[in-house]
Amino acid sequence: MGDRRTSGWGGQDRAELTEGAGLAEQGKPRRTTVADVARLAGVSAMTVSNVLNAPHRVSEPTVQTVRAAIEELGYMPNHAARALSSGRSQVIGLPLYLEDDTFSEQNPGLGGFLHGLLGGLVKAAAVSGYGVHVTTPTEGATEIALYERLIAARQVDAIVVLETMPKDERIEFLSQRRFPFVAFGRTGPQHRQCWVDVDNETSMVGIAQHLRSTGRGRAVYLATDSALPWVHQRQAGFLREFPSAVVRSFGSLEAVAAYVAEADRPDVFVADNDAYAVVAMRALQRRGITVGEDVAVTGFNDFPFASMLDTPLTTARIPLRDIARCLFERALREISGDTDQPGRLVTAPLVVRSSA
């Protein structure tokens, strides 16, 4: 009897073995198969199939062993055979709804952020024989209209939704359609908890505890003036450790620079993002204040430029590759029907540098 959780393995493996045998008879190099990976890893072919299609069903040490064997052998899953046997596209959709000013000076580092996330998602998907379809709505169209087109054309097996908001209409739409999705950002309590997010509160607590340990007691918190959930999560985390901190909110880099240029000098300026931190550092340096000695400064994200400043920035590093891997693995759960799982928080570790 064909169980839907294993039928994809049977079709894929038979196709691979048949292809390999045919090539061998013709005197051509034989394609590496699931069976070859299984022998090298010392596991069953079914275990290799689960690592490729549903890694959450396999222990982490076994997953790592199988992936090492895959890399050593240069194994590439037979995409056509798997798609034919499963009736799926073997593609994950990543719609990006980017405004014209997305990569403006107010969003420095965003390109690197998206590159890191996309690179991690592509790498995680490739191990399981999946591709990532990156697309954006045409001018005047909505992101939901793009979802409708992707679903109607059966171009993707699941959709990755970025930067979710409370009562997010995109999540509402996908839930009503019962289409597999995974969110980078939390979903509401009324929806499936198929999400991965940064543990912003805990990560900011780590920054606060580090500052306490270095003797910093008077803090000014530089917050982004936005309704985005992460803004408030980070602020809440810092205030748990520094309830006496002065909080100031800003809508632009220029406003941050103007404030720091005139503000009374605290022990530390804590920014909820790296861009605000860098602007604060420059404003302090123009006042002749030595960052890291006279005043500490911290950020959040660890954009590529953070380590290349004259005074390298202490910040929390968002582990984009880990998040991307978790997103893909959760997408596989949704595709296979294993939906009864909680969301997952990923901590951004503290990176201590000269600025604090």
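The model is predicted, so local features need pLDDT of at least 70, side-chain atom pairs count only at pLDDT 80 or more, and totals for chains, interfaces and linings use all residues. Residues are numbered from 1 along each chain as its sequence is written, and side-chain values use heavy atoms, with hydrogens and water left out.

I'll start with Trp-195. It sits in strand 5, residues 195–198; strands here are DSSP runs of E, at least two residues, and helices are runs of H or I, at least four, both numbered from the N terminus. Is Trp-195 buried or exposed? Its relative accessibility is 9%, so it counts as buried. Buried means under 20% relative accessible area, exposed over 50%, and partly exposed in between, with a 1.4 Å probe and protein chains only. Leu-327 is 132 residues from Trp-195 in sequence, yet their C-alpha atoms are 7.4 Å apart. Leaving out residues up to four places away in sequence, Trp-195 touches several others, including Val-182, Arg-330 and Leu-345; contact means heavy atoms within 4.5 Å.

Now the cysteines. Cys-194 is buried because its relative accessibility is 0%, and Cys-326 is buried because its value is 5%. How many disulfides does the structure hold? It holds zero, a disulfide being a pair of cysteine sulfur atoms within 2.5 Å.

Last, the helices. The axes of helix 3 (residues 45–53) and helix 4 (residues 60–73) come within 10 Å and cross at roughly 95°. Axes are lines fitted to C-alpha atoms, for helices over the stretch in contact, with angles from 0 to 180 degrees between N-to-C directions.
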